[in-house]
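The following questions and answers examine a single protein model. Please consult the sequence and the structure alongside them.

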Amino acid sequence: PVLDTEDAWLSVEGPVSIVELALEQKRIHYPLVEHQFVLCTVLYAIMRLSLKGVKPLSLFDSKGKNAFFKDLTSIQLLPSGDMDPNVLSIRQQFLLKVVTAAVQTLCSSQKDREVSEEEYFPFEKGKNWPTLAADLAQYLQISEDLVRRHYVCELYSYGMDHLGEE
């Protein structure tokens, strides 16, 4: 982009402007940022829902693991469409654990004190963990319908039939 400046600014001395610094930055490789986002979301779900026995890096193949430790401006080989069935199975189990833990947390908090999900997770207003798991399924190459069906089954199993019907 061309930046026009007034004549008065041409004689100013001092550090380089923030606009010029921003323009000099290398462009990021967006798929690599998405890949990092998936890892951050996985880690946050593990922490927030207190999931035990989950190894976050086991959800990624060797290309995916190597991409985490590269500069965001570099073009990296990311996992292709063909995935190892074992990795897909681990991913599926993880997403189902997220849904189960979210429903269990919601149901136990409502039974204890009749508390809404927003009150139980005060910093996460509007965050619906089962929906987040379904969205994450797209990135992890797992069927969204499988996650949604598991969510409905969990709602019915915890006696929240009115939510399951929705």
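Q: On what basis are residues numbered and local features reported in this predicted model?
A: The model is predicted, and local features need pLDDT of at least 70, side-chain atom pairs count only at pLDDT 80 or more, and totals for chains, interfaces and linings use all residues. Side-chain values use heavy atoms, leaving out hydrogens and water, and residues are numbered from 1 along each chain as its sequence is written.

Q: Which residue forms a salt bridge with Glu144?
A: A salt bridge is a side-chain nitrogen of Lys or Arg within 4 Å of a carboxyl oxygen of Asp or Glu, and the structure holds 1. The two partners are 4 residues apart in helix H8 (residues 144–157), separated by about one helical turn; helices are DSSP runs of H or I, at least four residues, numbered from the N terminus. With the closest N and O atoms 3.4 Å apart, the partner of Glu144 is Arg148.

Q: Is Glu144 buried, exposed or partly exposed?
A: Buried means under 20% relative accessible area and exposed over 50%, with partly exposed in between (1.4 Å probe, protein chains only). The relative accessibility of Glu144 is 23%, so Glu144 is partly exposed.

Q: Within what arc do the buried residues of H8 fall?
A: Val147, His150, Glu154 and Leu155 are buried in H8, whereas the exposed Arg149 and Cys153 lie on the face turned away from the buried side. The arc is that of the directions from the helix axis to the C-beta atoms. Seen down the axis of H8, the buried residues line one face, because they fall within an arc of 140 degrees.

Q: What distance separates the end C-alpha atoms of H8?
A: The expected span of a helix is 1.5 Å times one less than its number of residues. For the 14 residues of H8 this gives 20 Å, which agrees with the separation of the end C-alpha atoms, 20 Å.

Technical notes. Helices (H or I, at least four residues) and strands (E, at least two) are DSSP runs, numbered from the N terminus.
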